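Below is a walk through one protein model, taken element by element. Keep the sequence and the 3D view side by side while reading.

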Amino acid sequence: MLRGMTLEASIPHRPLGMDVGSIRESILDHLEHVRVRDQHTTSDRDLFHAISYAARARLADRWHRTRQRDWEQGGKRVYYLSMEYLPGRLLRDALYNLGMLEETREAVRSLGSDLDALLEEEEDPGLGNGGLGRLASCFMDSMATLGIGAVGYGIRYDYGIFRQEIVDGEQVEHPDNWLEHGSPWEVPRTDLRMTVRYNGRVEPRTDTTGRTHFEWLDTDDVYAVAHDIPVPGYKNDEVNTLRLWKAVPVKEFDLAAFNHGDHDRSVVQRGYAENISRILYPNDAGPPGKELRLRQEYFFVSASLQDAVRRHLGRHESLDDLPDRAVFQLNDTHPALAVAEMMRILMDEHHIDWSRAWSITKRCFAYTNHTLLPEALETWPQHLLDKLLPRQLDLIREIDKRLRADLEAQYPNQPERIAKMAIIEQRPQGHVRMANLSIVGSFSVNGVSALHSQLLREKMFPEFDAYYPNRFRNKTNGVTPRRWVLECNPGLAGLVTEVVGDDSWVTQLEKMRALEALADDAGFHERWNAVKRDNKVSLANKIQELHGVSLDPDSIFDIQIKRIHEYKRQLLNVLHVVARYQEIKNGKIPAAPRSVIFGGKAASGYVVAKQIIHLIHSVASVVNSDPEVRDHLRVFYVPNYRVSWAERLIPAADLSEQISCAGQEASGTGNMKFAMNGALTIGTLDGANVEIREAVGPENIFIFGLTVEQVVETLTRGYRPGAIYDEQPSVRAVIDAIAKGAFSPDHPTRFEELMRRIVSDGERYVHLADFGSYLDTQRDVEALYLDRHQWTKRAILNAARMGRFSSDETIRDYARDIWGVPVD
């Protein structure tokens, strides 16, 4: 601030124009004065950055006003803690939300460039892996659109999960250097840094009043430096903040060591610190990876809580009313250490006694569970916590001790129940269960679909559900219609706007029900199908351009795009492709050609998932090169699948594959995105598929396979897929073809072990038990596709009835039932 001047005087409010001329001048100004380019040196990347800065400058006006208003009103704030965010490209999103897309398009055209081409210059921010991160970004979008004051906290990873390359059919991981050319969206707050501590020892100290306090001494410290990204609401002048923490050393450079010739030691602390925010999800198969993962989780939790407490005390005198002014939503168990860290901050830094500190803590946190896989519920060995976070382990042990005492009083002589509910496993050096810590330390626990929430209460945590009445609830996931209809499918968005009468459906998705009145209208069908075909042609052209693979836009575009995992059953889809291939080779030509498209990444240490990717490519190679087959069936795998690819694939899909083993998928959100864009779903009664079926009508979705109860019964009585293999020649033909090298002639036994897994007793994802039903249902798909009127009618009804799956509705429910914050 200039000496002797008020902030208002030194930085006057100067709203920027939204007309074509003003936008054009902003772009040129940024090119000349920020990128330092002229007409001879400007590249497409320079122009993309200049357009982004012009948009960000207009967001900045609204960002300032939003933060100032939130501060002055002092209302309750939502802090969303997530290890992952997958926001996708941000420029187009900002232009839509600001309401200046067409003006910017015209401004760019006047400069001799094409905006759509320049949008391709933007890198997808590498801040997440899959559905968890994309959900977090949808929620941030909806909170801003609904006027809820919120901050999303996470880590500013230098490198994302990884960039996937396919070499000879196999996944190869490369660093995802999404920041190579810088990001025009992030605002480094180098003056806003929190000290995060590790290692050291804990010593008790007695003060003059006789109270014992604990000091965490001799720690290894790093700084967490804030980097902010604006999150705009849709045409409402609201801009929230995504605050990402970058780890930097407290001691940047050891000059003495360097001058003594020990050059490596001079930068040891830098490497130790920066590795924390280097990469998303380091391979944690070994001890070093596990330790780095734990350091990451504590790093962003500690920095975020310190920041939130700092802000609260800047406006309020006491932390006793923190639960009335702030709510911290834990997005899965990655931020679970927040419970112990809040206790440390309250007790050790603000000298609040246990009773008050625990009362504040457990009224601040709400926990969302995202998994039904027991192995996915995080646990940490005590010896690692004792080494890395000794004070937090002390606090967790005390929470566990008090919990056990309460449980023993309520459930005498029930040691098994108490053992299940304990935070620390009852065995020597038992692990700390982060889900249990989250449940005990939160006032609310929610699942993410009706089925998932039911299974949480009845199967995974029935003891907690009985002990904490009304703590467990359901909040079915949702997706933002801004990105997943308006932005990625402008043809469909234009149709909907015309039918509704305005664009109010963008924030009130239930208004898409107006399409139902035209579900049987032949003229509207023609326009609907023209939009779908345009999207398919656009996708086919992009795939041809980038990868040299030709897909027929008149074929069924059958798409499965998601993280590669056995429970998601990409392998079941491959078996279907092989069965279809064999039918064609035997002279049974399908009436409708089909293009089967896969996309997704396998965790770098997940060997079976990587074998599935290899199998898909091996099958694709044979199918696509066979002249008898390729006009009727094609297979394509999208390499390095990410949000920007999803935005191309989803609008072009005819059929959405949601085929996880029932009882394994918590919710899914891809199923919602596809249906919103008029794809029909083939799926099991798993996750949110159950609620989608209820919403669109059972006649408008293809359901197959065992139910959750039937899967449990099948596994309980002794599932023997080998018997299915022995008794069904068609199944045996598919398995044998893969196992004996029909799709890997250079290495005939390459997939033998993979096939052995799915015919082995007790195979937990019941691939073969569902295979016959899946094939029959795929035949139903083909028959309906040939009836163009009925297929189009059902596609329209799917899109029309997806209003409840807008993330706006989900966030309204969170705000009303959990957070206690008002909604615009």
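The model is a predicted one, in which local features need pLDDT of at least 70, side-chain atom pairs count only at pLDDT 80 or more, and totals for chains, interfaces and linings use all residues. Residues are numbered from 1 along each chain as its sequence is written, and side-chain values use heavy atoms, with hydrogens and water left out. Helices (H or I, at least four residues) and strands (E, at least two) are DSSP runs, numbered from the N terminus.

Helix H27 covers residues 689-696, and its buried residues are Asn689, Glu691, Ile692, Ala695 and Val696. Buried here means under 20% relative accessible area, exposed means over 50%, and partly exposed is in between (1.4 Å probe, protein chains only). Seen down the axis of H27, the buried residues fall within an arc of 160°, so they line one face of the helix. The arc is that of the directions from the helix axis to the C-beta atoms. These buried residues of H27 pack against helix H18 (450-460), E15, strand E19 (655-658), helix H26 (670-676), strand E20 (680-683) and helix H33 (788-800). Contact means heavy atoms within 4.5 Å.

Strands E19 and E20 belong to an open sheet of six strands, with parallel pairing and the order E18-E17-E16-E19-E20-E21. Strand E18 (633-638) and strand E21 (702-703) are at the edges with a single partner strand each, so one side of each is left without a neighbour in the sheet. Two strands pair if DSSP finds at least two bridges between them. Strand E17 (residues 594-599) runs parallel to E18, and six bridges join the two; here glycine 599 stands opposite valine 638 in E18. Helix H33 lies across E19, E20 and E21, at about 85° to E20. Axes are lines fitted to C-alpha atoms, for helices over the stretch in contact, and angles run from 0 to 180 degrees between N-to-C directions.

Isoleucine 229 stands opposite leucine 242 in E9.

Asparagine 199 counts as buried, at 13% relative accessibility. Valine 36 also has a positive phi, near 55°; it lies in the loop between helix H2 (20-33) and helix H3 (44-73). Valine 36 is exposed, with a relative accessible area of 59%.

The aromatic residues come next. Rings of Phe, Tyr and Trp (its six-membered ring) pair if their centres lie within 6.5 Å; planes under 30 degrees apart count as stacked, over 60 as edge-to-face and the rest as tilted. By this rule there are 20 aromatic pairs. One of them is the tilted pair of phenylalanine 461 and phenylalanine 472, at 6.4 Å centre to centre and 35° between the planes. Both phenylalanine 461 and phenylalanine 472 are buried. Tyrosine 785 and tryptophan 791 form an edge-to-face pair, with 5.1 Å centre to centre and 80° between the planes. Tyrosine 785 is buried at 8% relative accessibility, and tryptophan 791 is buried at 3%.

Tyr411, Phe461, Phe464, Tyr467, Tyr468 and Phe472 form one aromatic cluster. Arginine 417 lies over the face of tyrosine 411, 4.3 Å from the ring centre. A charge sits over a ring if NZ of Lys or CZ of Arg is within 6 Å of the ring centre and within 35 degrees of the ring normal.
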